[in-house]
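User: I'd like to learn how to read pockets in a model like this one. Can you walk me through it?

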Amino acid sequence: MAIQLRKRTRRQFIYSMARAGCVAGLSGSLLASYAKQSSSLAASSLRPPGALPEPDFLGACSRCGLCVQACPYDTLKLASWLDEAPNGTPYFEARDVPCEMCDHIPCVEACPTGALDPALDDIDDARMGVAVIVDRESCLNLQGMRCDVCYRVCPLIDEAITLEMRPNPRQEHHALFEPVVNPDVCTGCGKCEHGCIPEDPAIKVLPVAQARGKIHDHFQLYYESDQAKEAESAGSGVES
Amino acid sequence: MKRSVGSKSRESHGFWYANRFLILRRFSQFSILALFLLGPLFGLWIMRGNLSSSRILDTVPLTDPFVFTQIVLSGHVPEINAIIGVVLVVFFYMLVGGRVFCSWVCPVNMITDLAGWLRRKYSINTTSKLDSGFRRVLLVTVLLLPLVTGYVVWELVNPVSLMHRGIIFGMGYGWLMLLALFLFDLFIVRRGWCGHVCPMGAFYAQLGRKRALVIDAYQRDQCDDCADCYLVCPEPQVLNQPLKSKSDSTIVSSIDCTNCGRCIDVCEPKVFRFSRDPDTGQA
Ligand code: SF4
Ligand code: SF4
Ligand code: SF4
Ligand code: SF4
């Protein structure tokens, strides 16, 4: 009798553990796939300055909104269910309100978890995204006008964005001034996208991963090679 | 007409006595929301942030231990403010004990209480069987997910933080999830969310294991089996042990008890009271 009872409870125990395992596995994989699905930012959503790389950020941010409330320009928003960014995380849309690049970076200062990296002490080092001319057809400068707005509003004018004079292919005797972004300097604040004159901006700030390419590590660019440097120093030696 | 739950207590002891803890709880829940809303609405920054992390008067940090645990498990080492914050909150809940978060702070509790009240009022008795241990399985799952994926996965869907955040920062489509939760409780499973699913409640139950504040059925010999307490209790199974078992202890010892005190309110013969000692049950 006692043995039978023990057998039954043992079997019941195994049964209920197996069931708990199934439930955990089922709910876990549903949640994990949902997380995977919603972990990519929409191209128009940018993270606040100092945000850790996206996968780390999604593990670090407590979704408290302290950064949002610290922002004096109401740039940042806290995503809700089905918003452009994963639920609860802070983001901004440059076309609506860009980041004004505060000196003291109050958003980073407010962050309790370090999801916004406190090591960022110079706002010029922020990499919220990278500005890209996404459509040459709608850029007024590339149509031969002198709009220049993106260039003028850039807080790092002449460093992050420059105007390059080119011959205008449509009119033999005129030049055009092409806005060119230096992706190594651009902070991604979004002032250019915000100010861009056309109905839909010709210049947009994209999250870094979406804006930038990468050459294979094993690639050797000639101008960076030892050979080129030797040739250059030899050349300059001759000149002097 | 059918007698409503708690009416005997109200007739004998008056409206205030029969609803004391309910009113105090609502007051607590609304005050906490109000403190967080004074900033965004009137520029009076007593509390910043939301229940996940906040700052009192721009100095004292607070961090929710459930969110904090998920962050740590995802592999991130939080900054000092989050650590100080979580120590303060854990200290508070361990001191008071039980699921006081659930019944005195959590905003979702107001939704599930409403569903529970409507169920009683309109005698909606449909319910599907869902094991109340499901929440513990889900809790383990939810704590394993950050380990596996590196993301704080539950906070993508957690309706508790979604609701609190939504009230302060804008609800967006968040109301869709809250509506689903309300309907789930109203028609599908009685006390479905808080009593069966919510891993956050299960987490706080573990945190408050050693309870300083307990419900004590010290006059259980007065019980007249009206079952009003069973009908209002969000976790009715916790009442069996002190009321129906032959055990010596009159304490509601289950960690599932939310310390809401509603059983004290509705009991006409005054069987229950809050007690500060889980061992002897002395007030
Ligand atoms: S740097 Fe200033 S403007 Fe930009 S997000 Fe932070 S607080 Fe807002
Ligand atoms: S302050 Fe930090 S933890 Fe809070 S929402 Fe902003 S990034 Fe996330
Ligand atoms: S603001 Fe827009 S249209 Fe004007 S030059 Fe810059 S990219 Fe072109
Ligand atoms: S069980 Fe969950 S939703 Fe219910 S009161 Fe507790 S924390 Fe809130």
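User: What volume does the second largest pocket have, and how is a pocket defined?

Analyst: On a 1 Å grid over the protein atoms alone, a pocket is an open set of points where a 1.4 Å probe fits, with protein on both sides within 12 Å along at least five of seven lines; lining residues have an atom within 4 Å of a point. Points are joined across faces, edges and corners, and the volume is the space filled by probe spheres set on them. Here the second largest pocket holds about 560 Å³. It has 22 lining residues, and closest to its centre are Val23(A), Ser27(A), Phe134(B), Leu138(B) and Val197(B). Bear in mind this is a predicted model, where local features need pLDDT of at least 70, side-chain atom pairs count only at pLDDT 80 or more, and totals for linings use all residues. Residues are numbered from 1 along each chain, and chains are lettered from A in the order written.

User: Which helix gives the largest share of that lining?

Analyst: Helices are DSSP runs (H or I, at least four residues), numbered from the N terminus. Helix 1 of chain A leads with eight residues. Helix 6 (134–149) and helix 9 (192–197) of chain B each supply at least two.

User: How does the lining of the second largest pocket split by class?

Analyst: Ala, Val, Leu, Ile, Met, Phe, Trp, Tyr, Cys and Pro count as nonpolar, Asp, Glu, Lys and Arg as charged, the others as polar. That gives 16 nonpolar, three polar and three charged residues.

User: And what about the largest pocket?

Analyst: Its volume is about 970 Å³. Helix 5 of chain B gives the most to that lining, ten residues.

How values were computed
Heavy atoms only, no water.
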